[in-house]
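Please look at the sequence and the structure below before reading on.

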Amino acid sequence: MWKSIASVLMLLTTMIAAQTPPPYIQQCRRSDPELNACLKGALHHLKPYLAQGIPEIKMPSVEPFVMDQLSLQLTGGPQGYRINLKNMQVFGASNFTVKTLKLSEGNEPFEARLTIPKLLIHAKYTSSGVLIIIPASGAGDFDAVFDGVIANVRGRVSFSEKPTGTHMRVENLDLNLAIKKPRLSVSKIFNNNRILTEATNLFLKENGGEVLKALQPQLQKKLSAEFAGISNQLLDNVPLNNFIID
C-alpha cells in the first residue's frame with residue numbers, strides 16, 4: 001500500500017514540476033506557428049540567469065567565463081615569438097542576441113547565429129623569443145577586446161528517458177566566431193620596461209588580425225566545450241516538457 005502511495009506521490013510531483021517550470025525557463029508551445037520566435041525569446045529570458053549562475057542546478061555564472069590556457073606561436077624560426085595565456089577570464093558572453101535559429105530535424109544538426117556586442121578577455125601572459133629585433137621574454141597581463149562578434153553555432157543533440165521525463169543532451173557543439181575589430185594589449189611586463197612594453201603593444205596593434213588568426217581556433221574549441229558543458233548542466237536538470245509543452 002505504502003509503495004502505491006509513494007508511486008502516486010512521485011507521479012503527482014513529476015506532473016506538478018512539468019506544469020510549473022523554474023523561473024529561468026520560459027515555456028513555448030509545440031503548436032505555436034511562431035515556435036522559433038518563442039524559442040529565441042526563451043533563450044533571451046535565460047540571459048540574466050546565465051550571468052548570475054543557477055545554484056540549484058549547480059550551473060556556474062558565465063560572467064566571467066573561465067578557461068585554462070592557450071599557447072600561440074606568432075613568428076617562426078628558432079627564436080620565434082611565442083606567448084602563453086593562462087587563467088583566462090572572458091566577459092560579455094551572456095550579452096547575446098539570437099538572430100537566427102534552426103532546430104534539429106532528423107539527422108540534421110541545429111544551427112544558430114548570435115551576435116555579441118563585445119567580448120573582453122583578461123589573462124596572465126608569458127612570452128619568449130625575439131619580437132622584431134628585441135628579446136621579448138617576460139610575463140604580465142594580457143587584455144583583448146573583440147567588438148562586433150558574430151557566433152555561428154552548429155551542433156547535434158540526443159534524447160534520453162529519466163524518472164523526470166525526456167531529457168535532451170548536446171552531444172557536440174561547433175562554434176565559429178567572426179570578429180570585426182580585435183584590440184589587443186599587454187601591461188605590467190618586462191618589469192614595467194616602457195620600451196619593451198610599447199614595442200609589444202605596437203606589434204599587437206599592427207598585427208592584431210594575425211594574432212587573432214592564431215588565437216581563434218583554440219579559443220573557439222575551448223568555448224565550444226565550455227558552452228556544451230553549461231548547456232548540458234541545464235538540460236540534465238530540466239526535462240524537455242518544461243521547455244516545450246503540447
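Helices (H or I, at least four residues) and strands (E, at least two) are DSSP runs, numbered from the N terminus. The model is predicted, so local features need pLDDT of at least 70 and side-chain atom pairs count only at pLDDT 80 or more, while totals for chains, interfaces and linings use all residues. Residues are numbered from 1 along each chain as its sequence is written, and side-chain values use heavy atoms, with hydrogens and water left out.

**Overall**

The protein has five helices and 10 strands. Of its 246 residues, 39% count as buried. Buried means under 20% relative accessible area, exposed over 50%, and partly exposed in between (1.4 Å probe, protein chains only). A contact means heavy atoms within 4.5 Å. Among the contacts with a separation of 6 or more, 66% are between residues 24 or more positions apart.

The buried residues of helix 2 include Leu-35, Cys-38, Leu-39, Ala-42 and Leu-46. An α-helix has 3.6 residues a turn, so residues three or four places apart point the same way. The cover over the buried residues of helix 2 includes strand 1 (28-29), strand 4 (97-102), helix 4 and strand 10 (244-245). After helix 2 comes Gly-53, with a positive phi near 90 degrees.

**The disulfide**

A disulfide is counted here as a pair of cysteine sulfur atoms within 2.5 Å. By this rule there is one disulfide. Cys-28 and Cys-38 form it, and their sulfur atoms lie 2.1 Å apart. Cys-28 is in strand 1 and Cys-38 is in helix 2, 10 residues apart. The torsion about the S-S bond is about -95 degrees, so the disulfide is left-handed. Are these two cysteines buried or exposed? Cys-28 is buried, with a relative accessible area of 2%, and Cys-38 is buried as well, at 16%.

**Strand 8 and its partners**

Two strands pair if DSSP finds at least two bridges between them. Strand 5 (residues 110-128) and strand 8 run antiparallel and are joined by 17 bridges. Here Leu-120 stands opposite Val-145 in strand 8. Strand 8 is also joined to strand 9 (residues 165-187) by 21 bridges, and these two strands run antiparallel. In this pair, Ser-158 stands opposite Arg-169 in strand 9. A hairpin of two residues joins strand 8 to strand 9.

Ala-144 belongs to strand 8 (residues 138-162). Why does Ala-144 count as buried? The reason is that its relative accessibility is 1%. Leaving aside neighbours within four places in sequence, Ala-144 is in contact with Leu-119, Leu-120, Ile-121, Arg-183 and Leu-184. Ala-144 and Leu-184 are 40 residues apart along the chain, and their C-alpha atoms are separated by 4.5 Å.
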